[in-house]
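Trainee: Could you take me slowly through one part of this model, the metal site, and then show me how the surroundings are built up around that part?

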Amino acid sequence: MGTLTAETLAERLVTFRRHLHANPELSHEEFETTETIRGWLLDAGIRIANYPLKTGLIAEVGGLRGGPIIAIRADIDALPIQEETDLPFASRVPGKMHACGHDFHTATALGAALLLKKQEQELEGTVRFLFQPAEEKAKGASQVIASGALEGVRAIFGLHNKPNLPVGTIGIKAGPIMAAADGFIVEVEGRGTHAAVPEAGLDPIVASAHIITALQSIVSRNVSALDSAVISVTRLNSGTAWNVIAEKAVFDGTLRTFDEKVRGKVRERFEQVVTGVASALGTKATVEWLEGPPPVVNDPKWAEQATRTAESLGLTIVDPALSPAGEDFSFYLQRTPGIFFFLGTSGPQEWHHPAFDVDERALPIGASFFAALAVDALAHLTGQSLK
Ligand code: NI
């Protein structure tokens, strides 16, 4: 690689990001993506760390004289969406697209690795890069953790592009920033009978109607006005004919919360309401949870550090709105303090839209911010350990 000026960094990251964008791979299938990242890292002389991952990879910069370890995470997978843009580097794979901008995230992390490699001699510790697979299935973070790559990491940083924030803007928040996204399936078992003789059976439709109505009382009566939660029943299936009372009814939906305590309490109340109301009406109900990732909860101290770093780079700092979407970065934050922030990308569409795109001027901003945050974090941790 030649010298890394601001201009060549921006150009390289555009080339890299467009290559990933044109060649998207779905969760757990990121084989070529992994090889592309590996090739760029090796070209820059960056060492690849040996952790057992089928897709995705771990790299390290620094640590020449020991010191603490911090991590920067980028997710690398794409979505099963048909791209609808006229971009010259639009997806070449039918039905697959980087519609959440994980190509952008990967490029910012690579850029940070290139920038930090230049100052490797001066780094006061190790910066470990987690190029994580399968975020869209909320599985990859757990696999990275199982590989051992989070061991010894004192702080972890990650970002998501934000289409509705302009380039040059960064959204930093202490505490929760993204939701726990759980699903549920409720099965109500009754007893079928002739519709004209209801007393001979147990009607699961009437029971479901009562249960669904009673569930609406949880957010209004069991969740504090200062907290928030959403329960949505989105599908209800039962019955076969107009003159037959059904054997059973099944309904499903989603629960979104921003706090583990609220999440636990709502789930407990949910089960009590479902089983209690069902049994009051003579039916039997079971709840199956489709466990999503926990809420993304940022550490206040690292939010402060990120704010100071952003100020030093002249970025515009905003207090972002909470996102009700889920993000498996939360699994890292359950184990290691850190910060997940939103980086403005002036996008034309929101995440997961077929015409999603990012303004590439945000690439070197993300790379520089990650690199500066890593340097500041290592200095901070080293200073602490000297005390
Ligand atoms: Ni995403």
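This is a predicted model: local features need pLDDT of at least 70, side-chain atom pairs count only at pLDDT 80 or more; totals for chains, interfaces and linings use all residues.

Mentor: The nickel ion is held by three donor atoms, namely SG of C100, NE2 of H102 and NE2 of H160, at 2.2 to 2.3 Å. If you follow these donors along the chain, their spacing reads C-x1-H-x57-H. C100 sits in the loop between β3 (69-75) and α3 (102-118), whereas H160 belongs to strand β5 (residues 153-162), so this pair ties together parts that are 60 residues apart in sequence.

C100 has a relative accessibility of 5%, and because buried means under 20%, C100 counts as buried. H160, at 3% relative accessibility, is buried as well.

When its neighbours within four places in sequence are left aside, T108 is in contact with L159, L363, G366, A367 and F370.

The strands named so far, β3 and β5, are members of an open sheet of eight strands, whose order is β1-β2-β4-β3-β5-β16-β6-β15 and whose pairing is mixed. At its edges stand β1 (47-49) and β15 (316-318), each of which pairs on one side only, and from one strand to the next the twist averages 30°. Within this sheet, β3 pairs with strand β4 (residues 126-132) in the parallel sense over seven bridges, and A74 is found opposite F131 in β4. Helix α2 (residues 31-43) lies across β1, β2 (57-62) and β4, and runs at about 15° to β2.

Finally, step back to the whole chain, for which the domain assignment gives domain 1 (6-177 + 295-381) and domain 2 (180-290). The C-alpha centres of domain 1 and domain 2 are 39 Å apart, and nine residues of domain 1 are in contact with eight residues of domain 2. Between them the two domains bury about 590 Å², of which 66% is on carbon and sulfur atoms. On the side of domain 1, P295, L322 and P324 supply 65% of the area buried against domain 2, more than any other three residues.

Note on methods: Residues are numbered from 1 along each chain as its sequence is written. Side-chain values use heavy atoms; hydrogens and water are left out. Donors are N, O and S atoms within 2.8 Å of the metal (3.2 Å for Na, K and Ca); water is not among the atoms, so sites may look incomplete. Helices (H or I, at least four residues) and strands (E, at least two) are DSSP runs, numbered from the N terminus. Buried means under 20% relative accessible area, exposed over 50%, partly exposed in between (1.4 Å probe, protein chains only). Contact means heavy atoms within 4.5 Å. Two strands pair if DSSP finds at least two bridges between them. Axes are lines fitted to C-alpha atoms, for helices over the stretch in contact, and angles run from 0 to 180 degrees between N-to-C directions. Domain bounds come from an automatic or database domain assignment. Buried area is the accessible area (1.4 Å probe) that two parts lose on being put together, summed over both.
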